[in-house]
Amino acid sequence: MTINEIQDEIIAEFSEFTDWMDRYSLLIELGNSLEPFPEEDRTEQNLIDGCQSKVWFTAKMQDGKIIYKGDSDALLVKGIVALLIRVLSGHTPDEILESDLYFIEKINLKEHLSPTRSNGLVAMLRQMRLYALALKANSENK
């Protein structure tokens, strides 16, 4: 699936709910479905600056595609982490760097987050793109 196809799928899932409490429940459910995050990866180096809660991300290149893993100590944020991983993980660095993540606006996510959580979302996206840039540069230098 392309990044846009995954985004469209997420938009469809969220459009089934008109009440934001139901959407929050869906986010929490998505967070609970994340793969367990390895304890040894809960380091300062993997911590995202700019998030109110603790958020960790790792990224590795596998067969030319980036595999992200992430976690948070806050249930709602963990759901956001799960959404971002679902959209971006398993794609090439170029696909990630060129993507327009329109699903965030289409499901009205940012406007239903507190300003600090919204800033955290921007920080998570920035870090995921930085990982993509670094892994792309690293693979080109081999």
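**Entry 1: the cavity**

I started with the largest cavity, and its volume comes out at about 50 Å³ in this predicted model. I then checked how many cavities reach 30 Å³ or more, and the count is one.

Next I looked up what lines the largest cavity. I noted C51, Q52, S53, V77, I80, T116, R117, G120 and M124. The elements giving two or more residues to this lining are α3 and α6. I wrote down α6 as the top contributor, with four residues. By class, I get four nonpolar, four polar and one charged residue around the cavity.

**Entry 2: α3 against α6**

Helix α3 covers residues 75-88 and helix α6 covers residues 115-140. Their axes come within 11 Å and cross at roughly 30 degrees. Angles under 35 degrees count as roughly parallel, so α3 is roughly parallel to α6. I also looked up the handedness, and the crossing of α3 and α6 is right-handed.

Which residues make the contact? From α3 I listed L76, V77, I80, V81, L84, I85 and L88, and from α6 I listed R117, L121, M124, L125 and M128. I sorted the residues of this contact by class and got eleven nonpolar, no polar and one charged.

**Entry 3: α3 against α2**

I stayed with α3 and turned to helix α2, residues 20-32. These two pack at an angle of about 70 degrees, with their axes 7 Å apart. Angles from 65 to 115 degrees count as roughly perpendicular, and α2 and α3 are therefore roughly perpendicular to each other.

On the α2 side of the contact I found Y24, L27, I28, L30, G31 and N32. On the α3 side I found L75, L76, K78, G79, I80, A82, L83 and R86. This contact has nine nonpolar, three polar and two charged residues.

**Entry 4: the pocket**

Last, I looked for the largest pocket, and about 160 Å³ of space lies in it. I listed its lining as L34, E35, P36, F37, I67, Y68, K69, G70, I85 and S89.

Which strand gives the most to this lining? I found that β2, residues 65-72, does, with four residues. The lining of the largest pocket splits into six nonpolar, two polar and two charged residues. I85 of α3, which I had already listed in the contact with α6, is one of the residues lining this pocket.

How values were computed:
Residues are numbered from 1 along each chain as its sequence is written. This is a predicted model: local features need pLDDT of at least 70, side-chain atom pairs count only at pLDDT 80 or more; totals for chains, interfaces and linings use all residues. Side-chain values use heavy atoms; hydrogens and water are left out. Axes are lines fitted to C-alpha atoms, for helices over the stretch in contact, and angles run from 0 to 180 degrees between N-to-C directions. Angles under 35 degrees count as roughly parallel, over 145 as roughly antiparallel, 65 to 115 as roughly perpendicular and the rest as oblique. A crossing is left-handed if the near helix is turned anticlockwise from the far one by less than a right angle, and right-handed if clockwise. Contact means heavy atoms within 4.5 Å. Ala, Val, Leu, Ile, Met, Phe, Trp, Tyr, Cys and Pro count as nonpolar, Asp, Glu, Lys and Arg as charged, and the others, Gly among them, as polar. On a 1 Å grid over the protein atoms alone, a cavity is a set of points where a 1.4 Å probe fits but cannot get out, and a pocket is an open set with protein on both sides within 12 Å along at least five of seven lines; lining residues have an atom within 4 Å of a point. Grid points are joined across faces, edges and corners, and a volume is the space filled by probe spheres set on the points.
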